[in-house]
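Please load the model in your viewer and keep the sequence panel open beside it. The tour below goes from one selection to the next and says what is to be found at each.

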There are 2 protein chains.
Amino acid sequence: MNTAPHVVIIGAGFGGLTAAQALRKAPVQITVIDRTNHHLFQPLLYQVAMAGLSPADIAAPIRSILRSQKNASVLLAEATGVDFANHEIILGGQGAPDGQRQERMKYDYLLLATGGRTSYFGHDDWEQFAPGLKDLDDAVEIRRRVLMAFEAAEKEADPKRRRELLTFVVVGGGPTGVELAGAIAELANFVLARDFRTIDPEAAEILLLEGGPGILPSFAPELSESALQQLTGLGVKVRTGAQVTKIDEMGVYLGEEKICTATVIWGAGVRATALTQSLGVETDRAGRVIVQNDLSLPGQKNAFAIGDMTLFLQDGKPLPGVSPVAMQMGNSVARNIQNDLAGKPRENFRYFDKGSMATIGRKAAIAEVGKLKLTGFAAWLFWLGLHIWFLIGFRNRFAVMFNWAWSYFTYQRGARLITGRRLSLRPRRSIAEDGKVKQREGEYQVQ
Amino acid sequence: MNTAPHVVIIGAGFGGLTAAQALRKAPVQITVIDRTNHHLFQPLLYQVAMAGLSPADIAAPIRSILRSQKNASVLLAEATGVDFANHEIILGGQGAPDGQRQERMKYDYLLLATGGRTSYFGHDDWEQFAPGLKDLDDAVEIRRRVLMAFEAAEKEADPKRRRELLTFVVVGGGPTGVELAGAIAELANFVLARDFRTIDPEAAEILLLEGGPGILPSFAPELSESALQQLTGLGVKVRTGAQVTKIDEMGVYLGEEKICTATVIWGAGVRATALTQSLGVETDRAGRVIVQNDLSLPGQKNAFAIGDMTLFLQDGKPLPGVSPVAMQMGNSVARNIQNDLAGKPRENFRYFDKGSMATIGRKAAIAEVGKLKLTGFAAWLFWLGLHIWFLIGFRNRFAVMFNWAWSYFTYQRGARLITGRRLSLRPRRSIAEDGKVKQREGEYQVQ
């Protein structure tokens with residue numbers, strides 16, 4: 001019987017996977033549990049939503065990634081709670097998709113790394129009209145909606161309705177919103193421009209709404225300003241101080257003002273996954289767990305939490321929800337588990353900021369690395385190289401490079417597919433009476 | 001105003017697209033109508049179902065394919081009927097997905113090329129347990145079921161249930177069934193073999209059930225025999241004379257015998273799309289329209305039908321439902337429309353059989369070209385080259401070549417993704433009381 005301590009890692013995102021790999025040579029037995037079978041390279045998810053890449057280009061099976069790591073095994077399951085008293089993680093049962101019966105798994109060390117999900121700031125009913133972008137299904141749904149809007153506009157005779165179909169609203173001026181708005185503009189201007197006969201895709205109106213005074217507020221002011229100019233140059237209309245008060249099937253409301261549109265994408269908020277609510281530990285308003293200096297949960301020395309599901313104050317400020325934070329946290333937890341096993345004291349976590357960047361479009365980006373500030377083509381090349389480099393697995397890296405080179409030189413998109421068995425623009429999901437978001441019944445097409 | 005005759009083509013499969021392209025220089029105005037936005041390279045669909053290729057690798061937007069053809073425009077819509085008296089095609093309305101209002105479009109020439117769909121020979125209730133393989137959504141659903149079965153087996157403690165999860169049944173010994181059975185065997189033996197810790201994917205049992213006396217009956221006996229040996233060599237158990245009498249959530253029934261399995265794939269039958277039932281013309285038992293010698297509909301000189309939705313007897317035998325037939329038919333109709341416009345008599349259609357082939361797996365196939373008969377590696381190379389060559393569009397051709405080379409040399413699969421918001425193995429679709437197949441409500445995962 002294997003008596004090595006059992007480390008259970010929930011979530012195979014950047015944080016969880018980094019921790020698992022950092023424990024490669026540790027005398028432990030690792031189980032990585034995720035509710036999907038793949039690790040997702042989330043920074044490129046917007047490219048799937050905008051038909052530039054295929055889902056398989058930015059995702060790799062967790063089993064393949066950890067295949068050669070002998071002390072790790074992978075389990076596809078939904079973690080629904082933790083029994084700290086008995087050192088057990090609860091899988092399946094209530095809160096899990098049907099068919100998954102409840103099971104328990106013992107742990108010696110637990111690492112929670114379940115990440116974030118889209119937050120509508122208490123307006124969950126907006127989700128059906130304004131999908132967020134957190135996983136591959138979201139990305140394929142957004143791709144479907146955007147491409148369908150152009151198709152519906154092509155056959156629309158009513159000019160008012162055609163205008164609504166060609167109006168795209170992105171809510172949120174952070175990196176996700178900026179990427180999405182820039183990518184829609186490029187799709188309309190370069191990719192679709194020559195493909196339609198009735199409409200002119202270049203006449204599409206792309207609006208980026210930001211509630212605060214400026215976009216990308218976490219960057220230096222001159223970089224935010226440059227991003228604004230680059231976005232405007234692509235034809236995106238940026239509106240700051242725009243507080244969304246309502247979203248429905250007609251469009252977006254800013255107080256009295258109504259923006260009529262068929263397509264709204266939500267890039268505004270992130271909160272922790274629902275699991276954090278079941279832990280019985282203190283969370284902030286976004287549901288994030290407030291962790292100790294060594295990233296353990298308060299009162300639970302052997303249970304850690306990392307990444308987007310946590311709130312960690314450094315020098316009085318919360319760390320941002322980005323992958324470098326999650327990865328450094330994963331490494332720190334792996335070191336602390338090994339410190340424990342070696343009888344050494346634990347380290348306190350401290351984030352080392354190597355810089356940040358945001359992409360806007362082809363040859364358009366901003367980057368901030370220490371004192372170095374890049375904009376435009378230089379920033380974009382830097383962004384491109386870094387993202388391709390960090391993609392998991394040789395095959396994905398090569399496939400992404402090829403797809404990008406192809407779309408760069410031909411102005412084509414390789415993944416312009418509308419899938420899912422529906423032609424309609426009506427929202428796919430609706431809110432059931434019990435408040436749960438459910439998928440709408442989709443009719444099976446008989447032709 | 002454009003007074004060129006209006007040619008309306010319903011369906012952008014091999015037949016419809018060939019006809020549209022053959023009319024490139026004709027003095028006509030063409031509208032290609034399809035219910036999806038992409039042309040699908042159906043012969044490689046089984047590769048998407050088996051995680052070898054991504055959906056975007058075998059599909060290209062119809063708009064892109066016809067972009068430079070000035071006399072063609074593309075419309076995304078569902079054709080629901082034809083008003084022959086008024087020379088109008090009916091789009092949307094009853095029979096179309098919700099949200100699509102009914103519209104009519106005038107035609108001077110009509111070409112119906114809507115293809116086929118899966119037939120359960122009157123047992124439509126089997127569909128929920130045994131999906132067929134006709135479009136990208138089917139392929140992704142089959143991929144999800146097969147990969148989920150291995151994942152569920154990995155965590156299953158009950159050996160009996162584990163055996164059921166690792167039993168895969170393919171119904172139908174034609175080319176589709178043979179491809180699918182071979183591909184599952186390869187997935188289990190080569191791709192997944194090293195990725196699991198508890199189960200041994202190589203222990204999976206793959207059954208191919210054929211009702212008749214042998215598989216691939218349309219080929220020469222020695223080739224069918226070779227295919228059987230190649231399949232057996234991959235570990236597939238082929239059972240001929242196996243008449244399926246029932247399929248339910250427990251498995252497949254052959255009279256008194258019950259095969260317990262969690263995964264059944266249906267590759268047995270094809271019938272014409274539902275549109276043919278609304279035409280008021282004679283059809284065979286599979287709903288196929290019986291066309292005239294010039295491929296026009298009886299009594300409708302200006303309306304043609306081609307491909308899988310038709311029954312055409314040549315030398316007393318019906319032509320097979322394969323893409324070369326559809327493409328040659330498309331070319332013939334294009335010539336006859338031009339003959340009409342030039343005041344020349346129409347030609348009668350005659351199919352020229354260039355040969356046929358079926359693939360079984362890596363280095364395993366059979367091919368029959370005139371008197372030449374190939375098996376094994378030679379047939380596979382032939383199959384590979386021809387399929388890559390005929391793929392639409394440079395990008396797809398290159399992407400497929402790369403993906404295949406990659407999986408050939410590394411024994412990896414690039415698209416091993418389980419997507420769709422469900423972990424469960426329970427069937428996704430169910431039959432509503434009105435007999436329509438509906439999608440089940442899927443729960444949205446909250447973690």
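A crossing of two helices is called right-handed if the near helix is turned clockwise from the far one by less than a right angle, and left-handed if it is turned anticlockwise. With that convention in mind, and remembering that this is a predicted model, select helix H1 (residues 14-22) and helix H8 (residues 323-341) of chain A, which pack at an angle of about 30° with their axes 7 Å apart. The crossing of H1(A) and H8(A) is right-handed. To see what lies between them, show A:Phe14, A:Gly15, A:Gly16, A:Thr18, A:Ala19 and A:Ala22 on the H1(A) side, which meet residues of H8(A) including A:Ser323, A:Ala326, A:Met327 and A:Gly330. Coloured by residue class, the contact of H1(A) with H8(A) divides into eight nonpolar residues, six polar and no charged.

Now move to chain B and select helix H1 (residues 14-22) together with helix H8 (residues 323-341), whose axes come within 7 Å and cross at roughly 30°. The crossing of H1(B) and H8(B) is right-handed. Among the residues of H1(B) that take part are B:Phe14, B:Thr18 and B:Ala22, and the H8(B) side includes B:Met329, B:Asn331, B:Val333 and B:Ala334. The residues of this contact of H1(B) with H8(B) divide into eight nonpolar, six polar and no charged.

Next, zoom out to chain A as a whole, which has 10 helices and 29 strands. Its radius of gyration is 22 Å, close to the 22 Å that the globule rule gives for 447 residues, so chain A is as compact as a globular protein of that length. Along the principal axes, the C-alpha atoms of chain A fill a box of roughly 70 × 55 × 45 Å, and buried residues make up 52% of the 447 residues. Of the contacts in chain A with a separation of 6 or more, 61% are accounted for by residues 24 or more positions apart.

Centre the view on B:Ile184 and, leaving out residues up to four places away in sequence, look for B:Met50, B:Val146, B:Phe168 and B:Ile206, which B:Ile184 touches.

Return to chain A and pick A:Ser224, which lies in helix H7 (residues 221-233). Is A:Ser224 buried or exposed? A:Ser224 has 20 other C-beta atoms within 10 Å and therefore counts as buried, since 20 or more is the cut-off. Leaving aside neighbours within four places in sequence, the residues in contact with A:Ser224 are A:Gly214, A:Ile215, A:Leu216, A:Pro217 and A:Phe219.

The last two selections concern the backbone. Most residues other than glycine have a negative phi. A:Asp315, although not a glycine, has a positive phi of about 55°, and its place is in the loop between strand S23 (313-314) and strand S24 (317-318) of chain A. B:Leu295, which is not a glycine either, has a positive phi of about 70° and lies in the loop between strand S19 (289-290) and strand S20 (296-297) of chain B. As for their surroundings, A:Asp315 counts as exposed, with 7 C-beta neighbours inside 10 Å, whereas B:Leu295 is buried, with 26 other C-beta atoms within 10 Å.

Technical notes:
Residues are numbered from 1 along each chain as its sequence is written. Chains are lettered from A and ligands numbered from 1 in the order in which they are written. This is a predicted model: local features need pLDDT of at least 70, side-chain atom pairs count only at pLDDT 80 or more; totals for chains, interfaces and linings use all residues. Helices (H or I, at least four residues) and strands (E, at least two) are DSSP runs, numbered from the N terminus. A residue is buried if 20 or more other C-beta atoms lie within 10 Å of its own, exposed if 12 or fewer, and partly exposed in between; C-beta atoms are placed from the backbone. Two residues are in contact if their C-beta atoms, placed from the backbone, lie within 7 Å. Axes are lines fitted to C-alpha atoms, for helices over the stretch in contact, and angles run from 0 to 180 degrees between N-to-C directions. Ala, Val, Leu, Ile, Met, Phe, Trp, Tyr, Cys and Pro count as nonpolar, Asp, Glu, Lys and Arg as charged, and the others, Gly among them, as polar. The radius of gyration is taken over C-alpha atoms; the globule rule is 2.2 Å times the number of residues to the power 0.38.
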